[in-house]
Amino acid sequence: MKRNVALVLSSGGSRGLAHIGVINELCKQGFQISSVSGSSIGSVIGGLYAMGKLHEYTHWVSSFNKRDVWGFMDFTLASNGLLKGERVFDKMKTFIPDMNIEDMPIAFAAVATDILHEKEVVFTKGSFYEAARASVAIPAVFTPVKYTDTILVDGGVLNPIPIEHVLRKNGDILIVVNLYSEKKVDIPKEKNTDNGYLNRLINPLLTLISTGDKSSKGYYSLLSSTTSAMIHRIAKMSIEKHKPDLVINIPHDSANTFDFYRAKELIELGENATKKALQKTKAF
């Protein structure tokens with residue numbers, strides 16, 4: 001008999017591609033995911049799984065190179081963000097139609113942050129894409145989302161691991177994927193397939209936006225490392241408070257925010273982390 005899993009997927013930029021590997025391995029090991037909650041990238045991956053479209057997304061994102069990532073960066077002159085964050089979702093809609101969350105085969109909840117009233121907004125109905133866009137709105141990177149009488153930003157600001165918002169049933173296993181593990185690992189570098197000029201153009205901008213290097217004096221580097229420190233602490237406190245049955249840890253330095261061109265290795269990282277976590281426990 002398959003064991004039901006209530007799965008919680010944390011925020012964490014492109015590291016969230018490891019969520020795909022976690023889901024793949026859990027299903028391979030005979031678990032049945034009966035409900036999902038997520039913040040930021042966790043809401044994207046979780047929602048796609050809940051609507052039965054994760055395979056299509058995985059096939060697509062696994063084809064990315066740096067040029068593709070650059071192509072999805074819809075820069076804007078707005079004063080409240082560098083990117084509009086619409087181009088990638090517009091592309092996804094061409095092969096994954098929108099679905100209302102309440103119509104998904106698996107219970108799903110996406111979390112965003114109401115920055116004006118300093119509270120969480122939990123989406124359990126309505127458009128998946130609208131919920132996902134709000135949930136991934138990293139402050140100062142993506143423009144925020146206007147929603148009714150307020151403004152929404154990334155769910156990870158207040159709740160990077162939304163354990164309390166996953167639907168629980170008697171006898172299920174609560175599993176959390178934490179993209180903020182402190183453990184560092186060496187991850188193989190992907191072979192360079194782009195021309196030199198393109199790398200010289202893209203790399204400085206990717207670094208400007210996504211680096212978390214604390215020794216850097218760049219504006220976005222400082223912003224990233226500062227918010228990361230806060231989110232790491234919140235994530236740790238959430239795990240300690242709710243005591244999930246299993247925590248699958250992904251090193252926080254596995255990838256920068258926009259390293260989506262490393263999909264294959266990050267998915268593999270998630271699979272391996274899941275295998276190790278399951279091997280360490282005899283509870284299931």
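Tutor: Let us begin with what an axis is: a line fitted to C-alpha atoms, taken for helices over the stretch in contact, with angles running from 0 to 180 degrees between N-to-C directions. Please keep in mind throughout that this is a predicted model.

Student: What does the chain contain as a whole?

Tutor: The chain has nine helices and eight strands, and of its 284 residues 52% count as buried. Among contacts between residues at least 6 apart in sequence, 77% join residues at least 24 apart.

Student: How are two packed helices described?

Tutor: In general, two packed helices are described by the angle between their axes and the distance between the axes. In this structure, the axes of α1 and helix α2, which spans residues 41–50, come within 10 Å and cross at roughly 35 degrees, and that crossing is right-handed.

Student: Which residues make the contact of α1 with α2?

Tutor: On the α1 side they are H19, I20, I23 and C27, and on the α2 side they are G42, I45 and Y49.

Student: At what angle do the axes of α1 and α9 cross?

Tutor: Helix α1, residues 18–28, and helix α9, residues 263–280, have axes that come within 6 Å and cross at roughly 45 degrees. Because of that angle, α1 is oblique to α9. The crossing of α1 and α9 is right-handed.

Student: Which residues of α1 and α9 meet?

Tutor: From α1 the residues are A18, I20, G21, V22, N24, E25 and L26, and they meet L266, I267, G270, E271, T274, K275 and L278 of α9. The residues of this contact divide into seven nonpolar, four polar and three charged.

Student: Is α1 mostly covered or mostly open?

Tutor: To answer this we need a cut-off, namely that a residue is buried when its relative accessible area is under 20%. By that criterion α1 is mostly covered, with eight of its eleven residues buried.

Student: What is found just after α1?

Tutor: There G30 takes a positive phi of about 95 degrees.

Note on methods
Residues are numbered from 1 along each chain as its sequence is written. This is a predicted model: local features need pLDDT of at least 70, side-chain atom pairs count only at pLDDT 80 or more; totals for chains, interfaces and linings use all residues. Side-chain values use heavy atoms; hydrogens and water are left out. Helices (H or I, at least four residues) and strands (E, at least two) are DSSP runs, numbered from the N terminus. Angles under 35 degrees count as roughly parallel, over 145 as roughly antiparallel, 65 to 115 as roughly perpendicular and the rest as oblique. A crossing is left-handed if the near helix is turned anticlockwise from the far one by less than a right angle, and right-handed if clockwise. Contact means heavy atoms within 4.5 Å. Ala, Val, Leu, Ile, Met, Phe, Trp, Tyr, Cys and Pro count as nonpolar, Asp, Glu, Lys and Arg as charged, and the others, Gly among them, as polar. Buried means under 20% relative accessible area, exposed over 50%, partly exposed in between (1.4 Å probe, protein chains only).
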